[in-house]
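Please look over the chain shown here.

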Amino acid sequence: MLQILLAIFWLLLIPFGSGLWFTSKLPGERQSIGMIFLNGYLVMIAFFQCFYLGFLVAGSISFKLLTLVFGIFIVIFAGVSSILGRKVLKKCLAKLKNKEAVVLKIVFVLFVILQVVMRLLQQVSDGDDAYYIAVAANSYTSGTMNYIQPYTGTAAGELDMRHAFASAPTWLAFLSKVTMIHPAIMGHSILAPVLIVLHYLIVLQIGELLFKDKRSEKYLFSSLVALFNIYGYVSIYTAQTFFLTRTWQGKSIFANLFLPVLLLILLWLGDKSKGVKIENILYVIAGIIMFAGSSMTTMAVALLPMVFMLGIFFLTIYRKEPLMILKGCLACLPVLLVGLLYILV
């Protein structure tokens, strides 16, 4: 029972509170319960990456200290964010009463439930579990970071630069520590369903933007995406395969959470009807997304800013606003600093 309560607190209440303030800065039509959770997780991961890199650069390997410092910080931040963004909650709850396209909603929800249930029943494992789960389990049991080699269990002679800057396994260990749930159970049975739901929250937002005049059709669009995900196992390397078989792993979170949400931001920036102030918030969120994405895999450090700036380039031509290039470059600065660390360390 205690583990369940802790999981609810750290996986639901803390992300929800963390996302309230950022969501309150979005336009009214883009404020929703889903966006609160989504923004909350993005902010939580970004802050964890920031603390993790700070410990890494300082030469500290104490996972216990990181857990204590970050845990206190994120609880305080979630509380402050809840106070500052409390007014948006009433608006978001009112939207839940919308009864349009009930049948399509039910079909879409059933598709999501099916994937969550099959994810839990199948419990697919792959070779990378020997790294992701082992790194998280090492930190969870030993209280250290990047000290024990996941494949041998011996002390690491030097920093593994290929993986050291990606804090995803350590974030998994943090969630395990604060909920008292083993990393293998946390990744396979708890975090995986949460990530599946977050993915479809993004899909819903994209559908709402694409079908703004016929919003009920966003559920049809989202259901089609769900079908593609279910039947996307055409090779072991597709995004759909990673999504449903390696859900908790960094590469999968990168491909199925961070890339789609960055696309969503670009689609929002393509809307000329919004004011400059609102657009500036989108650049801030884009910067948070790219920085948080660097915690998942090495490739995100280069790929996320490349994708974002390519989109900004075409949007600059479309909107005839050269200033967008400068704002886009500023949004890329946090993740580029991570890339600079790769070069210097």
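This is a predicted model: local features need pLDDT of at least 70, side-chain atom pairs count only at pLDDT 80 or more; totals for chains, interfaces and linings use all residues.

Residues are numbered from 1 along each chain as its sequence is written, and side-chain values use heavy atoms, with hydrogens and water left out.

**Helices**

Helices here are DSSP runs (H or I, at least four residues), numbered from the N terminus. Helix α2 (residues 33-58) packs against helix α7 (residues 168-179). Their axes are 11 Å apart, at an angle of about 110°. The two are therefore roughly perpendicular, a term for angles of 65 to 115 degrees. Axes are lines fitted to C-alpha atoms over the stretch in contact, and angles run from 0 to 180 degrees between N-to-C directions. Y41, M44, I45, F48 and Y52 of α2 meet T170, W171, F174 and L175 of α7. Contact means heavy atoms within 4.5 Å. Eight of these contact residues are nonpolar, one is polar and none is charged.

Helix α11 (residues 250-269) has 20 residues. From first C-alpha to last, α11 reaches 27 Å, close to the 28 Å expected at 1.5 Å a residue. Of its 20 residues, 15 are buried. Buried means under 20% relative accessible area, exposed over 50%, and partly exposed in between (1.4 Å probe, protein chains only).

**Aromatic rings**

The whole structure holds 19 aromatic pairs. Rings of Phe, Tyr and Trp (its six-membered ring) pair if their centres lie within 6.5 Å; planes under 30 degrees apart count as stacked, over 60 as edge-to-face and the rest as tilted. Two pairs are set out below.

| Pair | Centre to centre | Angle of planes | Type |
|---|---|---|---|
| F73 and F77 | 6.2 Å | 20° | stacked |
| F165 and Y342 | 4.5 Å | 40° | tilted |

F73 and F77 sit four residues apart in helix α3 (residues 63-84), about one helical turn. F73 is partly exposed at 27% relative accessible area, while F77 is buried at 18%.

F165 and Y342 link distant parts of the chain, 177 residues apart. F165 lies in the loop between α6 (129-142) and α7, and Y342 in helix α14 (residues 323-344). Both F165 and Y342 are buried.

One aromatic cluster takes in F9, W10, F47, F48, F51, F70, F73, F77 and F174.

**A78**

A78 is also found in helix α3. Its relative accessibility is 5%, so A78 counts as buried. Leaving aside residues up to four places away in sequence, A78 touches I14, G17 and S18.

Notes:
Angles under 35 degrees count as roughly parallel, over 145 as roughly antiparallel, 65 to 115 as roughly perpendicular and the rest as oblique. Ala, Val, Leu, Ile, Met, Phe, Trp, Tyr, Cys and Pro count as nonpolar, Asp, Glu, Lys and Arg as charged, and the others, Gly among them, as polar. The expected span of a helix is 1.5 Å times one less than its number of residues.
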